[in-house]
Amino acid sequence: MPSAAALPRGTFSDEAARYFFRDDTVELKYHKMIADVFKSTVRGDTDWSVIPIENTIDGSVSLHTDWLVHEVELPIRAEWVFPAIQNLVGRAAELTPESGSDWDPSRIVKVISHPVAMAQCYEFLRSRIPHAELETLSSTAEAIRTVGDNPGQGWVAIGTKTAAADNGLDVLVEGVTDHDNNYTRFLLVGHRAYESASATRFKTSVLVTLPEDYPGALHQVLAAFSWRRINLSRIESRPTKKKLGSYYFWIDIDMSMDTVLLPAAIAEIEAIGCQVRILGSYPSFPFEG
């Protein structure tokens with residue numbers, strides 16, 4: 001049976017993986033740290049890794065990008081989008097006064113979550129629970145588990161409904177994110193190919209490193225795509241980590257390598273002295289919830 005490594009059960013990575021593989025038989029193997037997710041596939045313990053790479057609100061996940069570029073060589077096999085809808089999770093009975101029929105936000109002592117999830121709910125926390133202490137942990141799943149293991153403390157967490165159900169907790173408030181369009185883009189990376197008959201859109205991701213002291217090099221790179229009318233859906237500069245002021249460009253291209261135009265554009269870019277690394281050419285799936 002094929003297998004995929006992901007962050008712990010109850011995280012959005014877990015929910016996104018289950019959504020993506022809903023029509024496939026794939027075993028999910030969970031790891032607490034993203035480094036262990038990558039290493040599981042590098043070692044061959046799993047066929048793929050599920051990697052959150054970009055979020056509507058917070059942008060690119062720099063740590064995960066750097067792992068793909070500097071630490072491992074795992075081809076991108078697919079990408080998909082999944083909504084990251086955060087929920088306030090706790091014990092309603094613990095927060096409900098004896099004389100009341102509903103839980104009371106003023107009885108909350110501490111809110112626990114992943115720092116990114118916490119930031120995505122800033123306005124909700126400020127307006128509804130401004131008095132509560134905030135504590136961050138390595139994942140939303142761990143935060144909810146911590147609340148589950150500490151009854152009677154007045155603690156709540158921000159995270160998924162899956163993790164709430166797994167730990168016997170209540171969803172106190174659904175959808176506490178400050179923006180309704182909070183979506184996360186996930187990559188499936190690994191040495192095993194991923195096939196899907198339903199794919200209608202394809203993308204290619206490349207790394208381009210410019211030659212040093214070459215005025216207009218980036219303009220020439222973009223021109224190679226422009227005059228061929230090749231659409232770029234994302235371009236981001238990141239440090240090469242070799243010296244200060246040295247950068248590479250991660251470029252997402254709305255086209256498969258199985259075309260005439262894209263290989264020709266890449267050949268033109270290499271001809272002006274740029275280094276090009278193809279990270280993957282893969283199917284891209286929008287969210288269809």
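Started with the nonpolar cores. In this predicted model, the largest one holds 21 residues. I noted the members with the most contacts inside this core: Phe-38, Leu-68, Ile-76, Leu-187, Val-189 and Trp-250.

Then I checked where the core comes from. At least two residues each are supplied by helix 2 (34-43), helix 3 (62-71), strand 3 (48-55), strand 11 (183-189), strand 14 (247-253) and strand 15 (275-285). Helix 2 gives the largest share, four residues.

Looked up Trp-250 next. Leaving out residues up to four places away in sequence, I find Trp-250 touching Thr-65, Leu-68, Val-69, Ile-76, Leu-187, Ser-205, Val-206, Leu-207, Arg-234, Ile-235, Glu-236 and Leu-279.

On to Asp-170, in strand 10 (residues 170-173). Asp-170 and Gly-90 sit 80 residues apart in sequence, yet their C-alpha atoms are 5.4 Å apart. Beyond four places in sequence, Asp-170 touches Leu-88, Val-89, Gly-90, Arg-91, Ala-92 and Ala-93. I also found a polar atom of the Asp-170 side chain 2.9 Å from the backbone nitrogen of Ala-92.

Last stop was Gly-59, which belongs to strand 4 (residues 59-60). Gly-59 has a relative accessible area of 23%, so I logged it as partly exposed; the cut-off for buried is under 20%. With neighbours within four places set aside, Gly-59 is in contact with Ile-53 and Glu-54. I also took the C-alpha separation from Gly-59 to Val-81, 22 residues apart along the chain, and got 13 Å.

Technical notes. Residues numbered from 1 in each chain as written. Predicted model: local features only at pLDDT ≥ 70, side-chain atom pairs only at ≥ 80, totals over all residues. Heavy atoms only, no water. Buried < 20%, exposed > 50% of the residue type's maximum accessible area, 1.4 Å probe, protein only. Contact = heavy atoms within 4.5 Å. Polar contact = N/O pair within 3.5 Å; in protein donor to acceptor, adjacent residues only side chain to side chain. Core = buried A, V, L, I, M, F, W, Y, C linked by side-chain atoms within 4.5 Å.
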